[in-house]
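Here is a quick tour for someone meeting this structure for the first time. Have a look at the sequence and the model, then read on.

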Amino acid sequence: MVISSLKKTLVGAQGSFLLEADVEIDRGGVTAVAGSSGSGKTTFLRMIAGLTIPDEGRLEVDDQTWFFGEKGRKPVINLKPQERGVGVVFQGYALFPHMTVLGNLLYASGNRSRAEMLLEMVDLGQLKHVKPANLSGGQKQRVALARALMRQPGILLLDEPLSALDETMKAVLQDELIKINRELGVTILIVTHDSSEIYKLCDRVLVFEEGRIVTDTSPRKFFVEREATQKFAFKGEVLEVRDVDAIWVAVVAIGNNLVEVVIDTNEKEGLKVGDSVIVGTKAFNPTIRKFQQGEFDFSRL
Amino acid sequence: MNPGFDIEPFLLSFRLAGITTFLLFIICVPLAWKLARSRSWIKPIIEALVSMPVVLPPTVLGFYLLILLSGRSPFGMLLKQQFDIDLVFTFEGILIASCIYSFPFMLQPLQSGIEQISDELIEASYTLGKSRSETLLHVILPNIKPSILTGLIITFAHTVGEFGVVLMVGGSIQGETRVASIAIFEMVELMDYRTAHIYSLLLIAFSFVVLMTVYLINHHNRKTG
């Protein structure tokens, strides 16, 4: 059980703001930490790992206090990162370039059988004597993951671990993380922008905005039950509105896909190229409507 | 009087340079680590202080070291009275002078090497349970080998090439403080140009080999990246 009431003043693009991480996280779950960049997600993880010192507040993990401090004073309790037993997978992998894959793992702890077991688990047994420079991005990520698990951490923190990988590799690593969570019982906190990742991997979503946790719910509630009247809804951008015989067709870009939606003249009047729109279905027909300010925006994740 | 060629000044130069390099490496590694990771206001002051020997005439440094180490200064008196140590015109005296004089040549390559190591790598080591000194030993130093080599070679060569500081603090005592550069000065004074030529050419060859080694290493590292 992680109980945090940590606070820290951060400087963002629009001036400084207070990061208030008031949250309790149960053992063994996978929690997504989402929010726009500069909203405090990474700092929250870094404060748990002991890499960034909070201004004030308390952090308790399994009834042990890791941090306690009052504003403007030297922290009363501040466990060093070395003492926290947290596994961290950094955004840039942070593999030691002068060590082999196996060397990277054994640096964390001399337990060779655990190193071999973890390398088998992430499917890197064949590459254990290779230096990181000769690995692909996905392989590096798996080494970083295996290394972070060497000291049997109770908590595993991942900062956008899969953002640089292609879709196939992402899926493989997501399965890997699910396996790690189930087999090793590790509590996982993962910073991610990827809505499918949140849905597939996580049992809880925390959304940070300007330093505050504005949403704390399950992925299912977060994504599906939000638009209860619609079967599906995607946000996209209008690229073209075309006259096809008597009807109008809007071409909308949703992610990397283009869809064509039939619209009537009334709908056409309200749309122009470059508009943000929601494409959904009603009675099996795709519909399109203008995106309202304040609606949930996937791209903000 | 023609003393002729004598290998002793060279041996003395190399001994002085070797010990200076060794001592400075031991001192500068932790200091470079500290400075590279520091954001304190005191950092630029320390950096400026230790870089002074690069711009100061060696005679200025030698002059004040002479005064500091002599029996007339409080520090010199303390050494003399408490420990019966007199550092002026001794090998130990020019060793201290050399360490101060060559300090920036060891510190700067080490510090810039450490500054180039990403914070993530160091933090990763911490989260794997390793202390600062373990991180320094097993993560930082192995990843700044070119900087270490540059620091060692340049410090050694710079110490061999020093003249003013040694002359001020050590004079020219055979077997004690008469290093190669001073021996050349003496040979010229004695009009023994032949020996002066031999000494000088040896130092030119030595300097060329040293500098070429440094450039070869740097070139090799840029290529293998």
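Helices (H or I, at least four residues) and strands (E, at least two) are DSSP runs, numbered from the N terminus. With that in hand, chain B comes out with eleven helices and zero strands, while chain A has nine helices and 16 strands.

A word on the ground rules. This is a predicted model, where local features need pLDDT of at least 70 and side-chain atom pairs count only at pLDDT 80 or more, but totals for chains, interfaces and linings use all residues. Residues are numbered from 1 along each chain as its sequence is written, and chains are lettered from A and ligands numbered from 1 in the order in which they are written.

Now for the two chains side by side. In the table, a residue is buried if 20 or more other C-beta atoms, placed from the backbone, lie within 10 Å of its own.

| Chain | C-alpha span along principal axes | Buried share |
|---|---|---|
| Chain A | about 75 × 50 × 30 Å | 36% of 301 residues |
| Chain B | roughly 70 × 45 × 25 Å | 34% of 225 residues |

Chain A is split by its domain assignment (bounds that come from an automatic or database source) into domain 1 (2–225) and domain 2 (230–300). The C-alpha centres of these two domains of chain A sit 37 Å apart.

Where do the chains touch? Two residues are in contact if their C-beta atoms, placed from the backbone, lie within 7 Å. By that rule, 15 residues of chain B meet 15 residues of chain A. On the chain B side, α6 (119–127) and α7 (132–143) are the elements that give two or more residues, and α6(B) brings the largest share, six residues.

Inside chain B, there's a helix pair to look at. Helix α1 (residues 8–37) and helix α8 (residues 145–160) of chain B pack at an angle of about 140°, with axes 8 Å apart; axes are lines fitted to C-alpha atoms over the stretch in contact, and angles run from 0 to 180 degrees between N-to-C directions. α1(B) and α8(B) are therefore oblique to each other, as angles under 35 degrees count as roughly parallel, over 145 as roughly antiparallel, 65 to 115 as roughly perpendicular and the rest as oblique. Among the residues making this contact are Phe14(B) and Leu24(B) of α1(B), together with Leu152(B) and Phe156(B) of α8(B).

Definitions and conventions:
Buried ≥ 20, exposed ≤ 12 C-beta atoms within 10 Å, placed from the backbone.
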